[in-house]
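Please read the following points beside the sequence and the model. They are arranged by topic.

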Amino acid sequence: MGLFKEFKDDFSQAVNELVPGDVPEKEVEPKAQTADNLVVDTIGENVDVASELSKLDGLLEHVEEQLQETTVPRPTPSENFAEHTINTQKEEQIPQMNDIPQPVNTQPVNNNVLSGDVQDETSVITASTVLTGDLQSSGSFDIQGTINGNVMCNGKIVVTGTVNGNTNSSEFFADVAKVEGEIVSTGTVKIGAGSVIIGNISASSAVIAGAVKGDIDVQGPVVVDTSAVIMGNIKSRSVQINNGAVIEGFCSQTYADIDVQGLFEGK
């Protein structure tokens, strides 16, 4: 408020100086000293314009000086502050993908899935799926659809659909399935009722309740159930044939502990 009061007093003084001649004392009143109520009659008077403009310029310079004194100067950034800002921006830059070190894969690649351990996972081939090509897995397969190719895994193969190709697994189970190809298993092979197998079977043990057209080579026991139909030779350690089973071929206990030839030669 003090700044505007000084500006108002200076402006009133400058206006009084612009009025020529003496002003009677009775006409000088406190009300006439203000800029709002002051009326100056300069008609018919000779006024030095250049002199009056120089006075007005001096008044404006005085006002500018008053304003500059009341204005807070803005601090200029120092060189250290500028350098610190530049360094901070460099540190906060996002690294590019090429600058990020990529992890190195040190695990050996296993091209043969059957040489590893059995994984606790099962790949399901749904009933509406038809795949053409070989399948490999370190886990198990549940084949409900159709596979036109070989299937190999470290786990168990369960077929309730169709497989046109050879299979190799730790266990094999067919239930109302059709398999056209060789079945190789390091464990047990079970052929359920209603299943049709066209191909040889090789396993450590076998239970046959469906139809098999091919030779059966089992290191352990073989159980031929009542509903079984086998067209082929059976080689096993022992064989159990239930009443009603049909076998068209030879049964040989080649892997039995008894020396059959020795028994007859001794007599």
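1. Two strands count as paired if DSSP finds at least two bridges between them. Strands (E, at least two residues) and helices (H or I, at least four) are DSSP runs, numbered from the N terminus. By this rule, strand 2 and strand 5 (residues 146–148) are parallel partners, joined over 3 bridges. Within this pair, Leu-131 lies opposite Ile-147 of strand 5.

2. The model is predicted: local features need pLDDT of at least 70 and side-chain atom pairs pLDDT 80 or more, while totals for chains, interfaces and linings use all residues. Residues are numbered from 1 along each chain as its sequence is written, and side-chain values use heavy atoms, without hydrogens and water.

3. The open sheet has 8 strands with parallel pairing, in the order 2-5-8-11-14-17-20-23. Strand 2 (130–132) and strand 23 (246–248) are the edges; each has a single partner strand, so one side of each has no neighbour in the sheet.

4. Val-176 lies in the loop between strand 10 (171–174) and strand 11 (178–180). The phi angle of Val-176 is near 50°, a positive value in a residue other than glycine. Val-176 is exposed, at 53% relative accessibility (exposed means over 50%, buried under 20%, partly exposed in between; 1.4 Å probe, protein chains only).

5. Where is Ile-258 found? Ile-258 is in the loop between strand 24 (251–252) and helix 4 (260–265). Ile-258 is also exposed, with a relative accessible area of 58%.
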